Structures are given as structure tokens and as C-alpha cells.
Amino acid sequence: MSRRPGLKPFFLIAVLFALADQVIKQIVGKTFALGDSVAVIPGFFNLVHLRNPGGAFSILDGLPPLWGRLFFICATLAALAFVLYLYRTHSPGNLWAKAGMMLVFGGGLGNLVDRVAYGEVIDYLLFYYGQYHWPAFNLADSGITVGVGLMIVDLLRGTPESASSRGGG
């Protein structure tokens, strides 16, 4: 019988990550006016102060403000509940997936705070080359992306038991 992983380390790491994201967003909000941009590595990386009412890559940013806010808050809450469910039911010895879930949860929590407080997410990292710009993002977005990546790596690696049963030994 497998034991469920404890929630203390999960919430501690996730909340610390979300807190770091919020601290950076507060610094950006106090240092930069909305729309300001400062080159850190000219021609490649700027610190900016932008707002995104939509989802990733500004998807659905054209929704009416109240509906968009409610939609993204509900979607984020559902995603957080799903990640928590996965964490509680996943193999307790699996560090890749656990770390990924903590980052996804922390990132989701960081962006959820923005959605509740401002109705949109604060972004401050902008990478570009010439006329090509990656959409601005933040630490929370990075946590979600890296966390999903870790979960995919874990999924592709599989467990030693499943590899030996497939003859992958």
C-alpha cells in the first residue's frame, strides 16, 4: 500500500514560489510605469511593465473584462485543484513530477493573485531579437512552463517497473 505524499512541502514550495513572483511584480509596479521598458541586454532582453487580461500568449484577451476575469479565475482554480489531485495520487518517490507540480501550482497561484487583485496578469520579462518578440511573461509563467516540462520528462522516463515489464529493462 503506497503512502500519499504530505502536503506541507508541496504548499511550502508552491507558496514561496508564488510569493517570490508577487514580490517581483510589486517591485516592477513601483519601479516602472505601465508600458515602460528598460533594456537589460540591448537587442535581446528588456524588463517591462505590461498587463495581460488574457491567457497564455494573450489568448482570449478580447473577452469582456468581467467575463474574462471570472473565466480565468475559475479556470485557474480548476487547474490548481487538478494539480493538487495529481500530487496526492502520484507515486511518492517521483521527484521530477513532484517538483513540476509544485512549480505549476506556485505559478498558477502567483497569476491567480493578479487576476483576483487586478483582473489581469502583470508581465515583466521580454525577450526579443530584431523585430521578433516572444510575448512578455513573468516568474509564475516560467514556473508553469518549467513545471509542465518536468512532468513531461517524468512521463517520458516512465517508472523502472514499467520499463522492465515492457522489455526495456
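What share of the 169 residues of the protein count as buried? I looked this up before anything else, keeping in mind that the model is predicted, and I found that 34% of the residues count as buried.

**Overall layout.** I next went through the secondary structure and noted 5 helices and 4 strands in the protein, which follow one another from the N terminus in the order α-β-β-α-α-β-β-α-α. For the accessible surface I wrote down about 10,200 Å², with 72% of that area belonging to carbon and sulfur atoms. Turning to contacts with a separation of 6 or more, I noted that 66% of them join residues 24 or more positions apart.

**Helices α1 and α4.** I then looked at helix α1, residues 7–31, whose axis comes within 8 Å of the axis of α4 and crosses that axis at roughly 150°. On the α1 side I listed Phe17, Ala20, Asp21, Ile24 and Lys25 as making the contact, and on the α4 side Leu139, Ala140 and Gly143. Sorted by class, the contact of α1 with α4 has 5 nonpolar, 1 polar and 2 charged residues.

**The largest pocket.** Last, I turned to the largest pocket, which holds about 770 Å³ of space and is lined by 28 residues, with Gly55, Ala56, Asn111, Asp141 and Ile144 lying nearest its centre. I asked myself which element gives the most to this lining, and the answer is α2, with 6 residues. Among the elements that each supply at least two lining residues I also noted β2 (45–52), α3 (95–118), β3 (121–129) and α4 (139–157). By class, I recorded 15 nonpolar, 9 polar and 4 charged residues in the lining of the largest pocket.

Technical notes:
Residues are numbered from 1 along each chain as its sequence is written. This is a predicted model: local features need pLDDT of at least 70, side-chain atom pairs count only at pLDDT 80 or more; totals for chains, interfaces and linings use all residues. Side-chain values use heavy atoms; hydrogens and water are left out. On a 1 Å grid over the protein atoms alone, a cavity is a set of points where a 1.4 Å probe fits but cannot get out, and a pocket is an open set with protein on both sides within 12 Å along at least five of seven lines; lining residues have an atom within 4 Å of a point. Grid points are joined across faces, edges and corners, and a volume is the space filled by probe spheres set on the points. Ala, Val, Leu, Ile, Met, Phe, Trp, Tyr, Cys and Pro count as nonpolar, Asp, Glu, Lys and Arg as charged, and the others, Gly among them, as polar. Axes are lines fitted to C-alpha atoms, for helices over the stretch in contact, and angles run from 0 to 180 degrees between N-to-C directions. Contact means heavy atoms within 4.5 Å. Buried means under 20% relative accessible area, exposed over 50%, partly exposed in between (1.4 Å probe, protein chains only). Accessible areas come from the Shrake-Rupley method with a 1.4 Å probe; for residues, only the protein chains shown count as cover.
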